Amino acid sequence: MKRDAQSTQEYPARPEGPEPPAAPSSSDPAAELEPRLWIFGYGSLVWRPGFEFTSRKVGFIRGYSRRFWQGDTFHRGSERAPGRVVTLLEDRGACTWGVAYEVCGEQQVAASLQYLNVREAVLGGYDTKLVSFHPQEKEAGEPIQALVYIATPQNPSYLGPASEEDIAAQIIVSRGCAGHNVEYLLRLVDFMRYFCPQVEDKHLFSIEEALIALLPCLCHSEKALEEAPGVPQKAERENFLQGSSRRDETVGTA
């Protein structure tokens with residue numbers, strides 16, 4: 001059973017939101033010297049970057065697979081019930097789709113890195129790495145060097161592999177300060193289906209199917225659900241099943 005992709009009203013035509021400022025003319029000597037940085041997001045950064053940027057592109061990086069193997073006790077979980085968010089696993093021949101954001105100028109670059117250092121490194125346990133980003137547009141030309149945040153097995157929040165069913169069972173009972181872990185999963189699924197409909201992300205979509213299969217089981221004991229912390233309430237579960245949950249715009253992780 002597959003959940004219908006969310007209405008395109010939440011994911012408007014690329015680029016989302018107001019038009020970014022026009023890029024400085026390449027003939028401007030000052031623009032040539034202006035520091036520039038591309039940042040690749042493959043988790044919640046695809047829908048909520050949380051920092052100012054000049055432009056963005058949908059595309060992919062090669063040599064990595066996206067996996068729900070990173071634990072989260074802040075944004076999408078708690079110490080009592082850690083959530084699961086995505087990280088990247090080196091995987092020759094694989095590719096991961098997401099969004100790359102261009103930040104320009106000393107102030108914009110510094111502000112974005114300072115913000116992401118707290119969100120991804122301090123609170124999330126992620127390290128940085130440079131990767132080659134391939135834009136979705138056919139006329140994009142050469143790959144772009146981009147910064148990416150990756151949670152490695154060495155960080156204390158790393159959970160590692162588990163079956164899609166076990167991951168879904170953990171996600172469905174986890175909530176953090178940025179919202180429910182289910183919202184994180186469904187927003188990522190919606191991004192892939194709307195922006196990258198030609199891509200089959202087996203790991204991601206299998207977890208979605210496992211989660212949908214679990215939702216009716218949670219309805220058998222309504223009283224137990226009301227007493228269980230972090231479990232979506234009845235209205236939320238119905239919205240998740242219908243693919244129309246009212247998801248907030250709070251910053252997430254990854």
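Helix α4 is largely enclosed by the rest of the structure, because 14 of its 15 residues are buried. Keep in mind that what you're looking at is a predicted model.

**Helix α4**
- You'll find α4 at residues 181-195.
- From its first C-alpha to its last, α4 reaches 21 Å, which is close to the 21 Å expected at 1.5 Å a residue.

**The whole protein**
- Count up the secondary structure and you get seven helices and seven strands.
- If you walk along the sequence, those elements come in the order α-β-β-β-α-β-β-α-β-β-α-α-α-α.
- The protein has 254 residues, and 48% of them count as buried.
- Take the contacts with a separation of 6 or more: 77% of them are between residues 24 or more positions apart.

**Glutamine 108, in a helix**
- Glutamine 108 sits in helix α2.
- Its relative accessible area is 18%, so glutamine 108 is buried; the cut-off for that label is under 20%.
- The side chain of glutamine 108 has a polar contact with the side chain of threonine 54, at 3.0 Å.
- That glutamine 108 side chain also reaches a backbone atom, the nitrogen of cysteine 104, at 2.7 Å.
- Threonine 54 turns up again in the contacts of glutamine 108: setting aside neighbours within four places in sequence, the list is Glu52, Phe53, Thr54, Glu102 and Val103.

**Glycine 125, in a loop**
- Glycine 125 belongs to the loop that links α2 (106-122) and β4 (127-135).
- With 19% relative accessibility, glycine 125 counts as buried.
- Skip the neighbours within four places in sequence, and glycine 125 is in contact with Gln70, Glu120, Ala151 and Asn155.
- Glutamine 154 is 29 residues away from glycine 125 along the chain, yet their C-alpha atoms are separated by 9.3 Å.

**Quick recap**
- Glutamine 108 is in helix α2, while glycine 125 is in the loop between α2 and β4.
- Both get the buried label, glutamine 108 at 18% and glycine 125 at 19%.

Terms used
Residues are numbered from 1 along each chain as its sequence is written. This is a predicted model: local features need pLDDT of at least 70, side-chain atom pairs count only at pLDDT 80 or more; totals for chains, interfaces and linings use all residues. Side-chain values use heavy atoms; hydrogens and water are left out. Helices (H or I, at least four residues) and strands (E, at least two) are DSSP runs, numbered from the N terminus. The expected span of a helix is 1.5 Å times one less than its number of residues. Buried means under 20% relative accessible area, exposed over 50%, partly exposed in between (1.4 Å probe, protein chains only). Contact means heavy atoms within 4.5 Å. A polar contact is a pair of N or O atoms within 3.5 Å; within protein, one must be able to donate a hydrogen and the other to accept it, and residues adjacent in sequence count only if both atoms are side-chain atoms.
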